Amino acid sequence: DGIMASPGEYTAALYNRQGGVVEQLSSAQSFEVKSIFGDSPSHAKAFEFSQSLVAADRRSSSIGKTVKHMKKSLEMLRKAIDMTPADLTTLEAQYHTIHEELNAINVALYGLASRDRMGIKPPSVSSRLSYAMSATWSTYGPTKQHHEQFGFAMDGLDKVSLRVHTLQTSAFPELQKAIIDAGGPWTPGLAIIQP
């Protein structure tokens, strides 16, 4: 798993970790990784591309986990609205807007689940990033198409990131406060109720 190591000199050593104590079991051994295609100036560019992919994958994963957490929070907000005694018209509208936006963000990230294994599926941030990552599975390095798909994936991540930020900083807190103001229960994520 992970990206291929670039050609060069490496060292490896064996360690044991037990009870919070790390002990080196052998001295470091040196070895050289050689390219199948011989020396090439593209190795540095391939490694740089791989590092960009790792950073993008970490960012995509953090956004995906945040969206998953938001869906759980939205389930709690659904229950809180159902327990709110006041007129729910505004609360329901706010809830619906957040629900639709979360679904749209999920589609942008992963595509329509209903299209899985159903032939051609429109590209998503995840599929574009996966294609770009396929460049790390060979010693040839990234092609023009790998770079293009990575660019599309990054553009998608930027847009989705802004949408998630808006939900985090505005939509969710506003709905939580509106529920409290309407006599509903407190939900996690909102500041504690002061006396």
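A residue counts as buried when its relative accessible area is under 20%. The model shown in these views is predicted.

**View 1. Gln176, a buried residue of helix α4**. Gln176 lies in helix α4. Its relative accessible area is 6%, so Gln176 is buried. Which residues does Gln176 contact, leaving aside its neighbours within four places in sequence? They are Leu77, Thr187, Pro188, Gly189 and Leu190.

**View 2. Helix α1 packed with helix α4**. Helix α1 spans residues 42–82, and helix α4 spans residues 144–181. The two pack at an angle of about 25°, and their axes are 10 Å apart. Angles under 35 degrees count as roughly parallel, which means that α1 is roughly parallel to α4. The crossing of α1 past α4 is left-handed. On the make-up of this contact, 19 of its residues are nonpolar, nine are polar and two are charged.

**View 3. The largest nonpolar core**. This core holds 32 residues. Those touching the most other members are Ile98, Leu102, Leu109, Leu167, Phe172 and Leu175. Two or more residues each come from α1, α2 (89–110), α3 (125–133) and α4. Which element gives the most to this core? Helix α4 does, with eleven residues.

**View 4. The surroundings of Leu109**. Leu109 is among the core residues that touch the most other members. Neighbours within four places in sequence are left aside here. Leu109 is then in contact with Ile63, Gly64 and Val67, with Ser124, Val125 and Ser126, and with Leu157 and Val160.

Definitions and conventions: Residues are numbered from 1 along each chain as its sequence is written. This is a predicted model: local features need pLDDT of at least 70, side-chain atom pairs count only at pLDDT 80 or more; totals for chains, interfaces and linings use all residues. Side-chain values use heavy atoms; hydrogens and water are left out. Axes are lines fitted to C-alpha atoms, for helices over the stretch in contact, and angles run from 0 to 180 degrees between N-to-C directions. Helices (H or I, at least four residues) and strands (E, at least two) are DSSP runs, numbered from the N terminus. Angles under 35 degrees count as roughly parallel, over 145 as roughly antiparallel, 65 to 115 as roughly perpendicular and the rest as oblique. A crossing is left-handed if the near helix is turned anticlockwise from the far one by less than a right angle, and right-handed if clockwise. Ala, Val, Leu, Ile, Met, Phe, Trp, Tyr, Cys and Pro count as nonpolar, Asp, Glu, Lys and Arg as charged, and the others, Gly among them, as polar. A nonpolar core is a set of buried Ala, Val, Leu, Ile, Met, Phe, Trp, Tyr and Cys residues joined through side-chain atoms within 4.5 Å. Buried means under 20% relative accessible area, exposed over 50%, partly exposed in between (1.4 Å probe, protein chains only). Contact means heavy atoms within 4.5 Å.
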